[in-house]
Amino acid sequence: MTILQENIRDNRFLRLIEGALKAGYCEEWTYHPSLSGTPQGGIVSPILSNIYMDRLDRFVQETLIPEYTSIGRREANPAYRHLQYEAARWRKTGNPQKAEEVRKEMRKLPSRSPTDPTYKRLRYVRYADDFLLGFAGPMAEAEEIKDRIATFLGTDLKLTLSAEKTLITHAHTGRARFLGYEIGIMEAPTKLDQHRIRSVNGKVGMYIPEDVIQAKRKRYMRDGKAIHRTELLKDSEYDTIFRYQGEYRGLVNYYAMAHNLGKLGYLRWMMETSLLKTLASKNKTSVMSEVKRLKSTTKTPNGPRKNLRLRIPREGKKPLVATFGGISLKRLKNPVIQDQVLTPYPRRRSEIVEKLLYDTCEVCESKENVQMHHVRSLKDLNKKGKREMPLWMKLMISRKRKSIPLCRRCHEDIQHNMPRTKRHGNRRAG
């Protein structure tokens with residue numbers, strides 16, 4: 001609140017923010033007071049976190065970075081320069097084969113000295129309360145930077161660094177974890193660009209952690225083999241494929257900048273096999289028959305990609321199409337977030353989709369003005385113990401769902417507490 005009061009003079013707004021900070025939270029129907037910090041998951045938490053951590057940003061950018069960043073490049077590597085002169089000497093004496101052998105030895109060495117004591121660089125990035133510093137310099141100074149940040153957080157922001165998460169990792173021998181990625185330094189002495197320069201060496205690489213891939217695989221496999229998901233057997237084929245594609249697409253989009261994005265190819269095969277086994281178990285068929293029925297190809301900017309596609313035709317409307325796969329695993333250097341309007345995943349039974357496709361009321365089987373009726377909870381149905389339970393309640397209880405397609409007249413009957421008790425023949429007069 002002190003930080004907000006430095007630039008905001010609206011006391012009503014400040015009281016509103018203070019009330020949000022002290023509102024507390026409810027977990028498992030139990031109220032817990034807010035003793036410190038911003039409300040976890042609250043809509044205002046990200047902006048308040050950035051306002052609070054802005055002081056750390058300014059401390060690093062205005063104090064630490066100028067102090068631990070030197071001007072100029074690294075000095076030349078003496079061993080590299082020696083081989084460079086030797087290769088030139090062999091070329092002048094008319095022995096290009098020997099010069100090429102020396103050049104191959106040169107590629108195994110860095111052109112600049114990696115231990116130059118005068119060269120220092122400090123870089124900083126933060127997301128919410130997670131931050132990462134990249135430092136090129138002595139280990140002693142890296143420890144000094146860590147201690148200075150811990151002191152600043154403790155004295156100015158009353159925060160403590162997590163001992164388990166705040167680590168100093170050598171980028172050449174290990175990788176740091178940041179926002180689900182592994183960050184390290186790439187080494188590829190034999191990879192040359194069009195100018196015959198080793199452009200990869202020393203560059204920062206982003207990778208998908210192996211434990212993340214293994215954790216994702218476990219959801220779709222057992223004893224090393226892909227399995228079907230029994231909890232999805234009662235869902236429609238459209239919903240099942242839509243769900244698998246959403247899980248796979250979200251993972252690929254998040255790790256689009258990873259240099260080992262291609263590792264998700266095996267995960268895609270595992271998910272596809274699990275999906276086919278789930279559909280085969282639902283339809284009492286084999287996996288091969290499901291492959292022949294659903295296999296398709298999608299055009300992408302990086303060429304055609306195989307996928308599974310389900311197409312459900314609808315009279316007078318666009319067909320329902322659900323696709324799994326068809327996403328390129330080529331790394332994106334500068335991905336752009338696109339706001340895509342996606343159909344939300346509905347947790348419904350398969351008969352719901354069938355009824356909606358045919359626009360049929362569950363009570364009177366009318367096909368006019370079909371709409372969805374929802375209840376808040378199944379336990380609220382027939383709560384007062386009525387003598388005769390209406391048909392729509394019986395259907396929702398037996399199928400264990402909180403929504404049911406009804407025509408407009410049946411929906412109005414329910415809303416006005418006049419539900420019909422029979423499916424056929426009990427038509428309203430007039």
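## Charges over rings

A charge sits over a ring if NZ of Lys or CZ of Arg is within 6 Å of the ring centre and within 35 degrees of the ring normal. In this predicted model, the charged end of Arg89 meets that condition with the ring of Trp90, at 5.0 Å from the ring centre.

Arg229 is placed in this way over Tyr244, its charged end being 5.1 Å from the centre of the ring.

## Aromatic pairs

The count of aromatic pairs is eleven. One of them joins Tyr266 and Trp269, whose ring centres are 5.8 Å apart with 20° between the planes. The pair counts as stacked because planes under 30 degrees apart fall in that class. Both residues belong to helix α9 (residues 264-283), where they are three residues apart, about one turn of the helix. Tyr266 is partly exposed, with 39% relative accessibility, and Trp269 is also partly exposed, at 42%.

Ring pairs also connect Tyr220, Tyr244, Tyr248 and Phe324 into a cluster. Tyr244 of this cluster is the residue whose ring lies under the charged end of Arg229.

## Cysteines

The model has zero disulfides. For Cys364, the nearest cysteine sulfur is that of Cys407, 3.5 Å away. A disulfide requires the two sulfur atoms to be within 2.5 Å, so Cys364 is in no disulfide. Cys410 is likewise in no disulfide, and its nearest cysteine sulfur, again that of Cys407, is 3.5 Å away.

Are Cys364 and Cys410 buried or exposed? Cys364 is buried, because its relative accessibility is 8%. Cys410 is buried as well, at 4% relative accessibility.

Notes
Residues are numbered from 1 along each chain as its sequence is written. This is a predicted model: local features need pLDDT of at least 70, side-chain atom pairs count only at pLDDT 80 or more; totals for chains, interfaces and linings use all residues. Side-chain values use heavy atoms; hydrogens and water are left out. Buried means under 20% relative accessible area, exposed over 50%, partly exposed in between (1.4 Å probe, protein chains only). Rings of Phe, Tyr and Trp (its six-membered ring) pair if their centres lie within 6.5 Å; planes under 30 degrees apart count as stacked, over 60 as edge-to-face and the rest as tilted. Helices (H or I, at least four residues) and strands (E, at least two) are DSSP runs, numbered from the N terminus.
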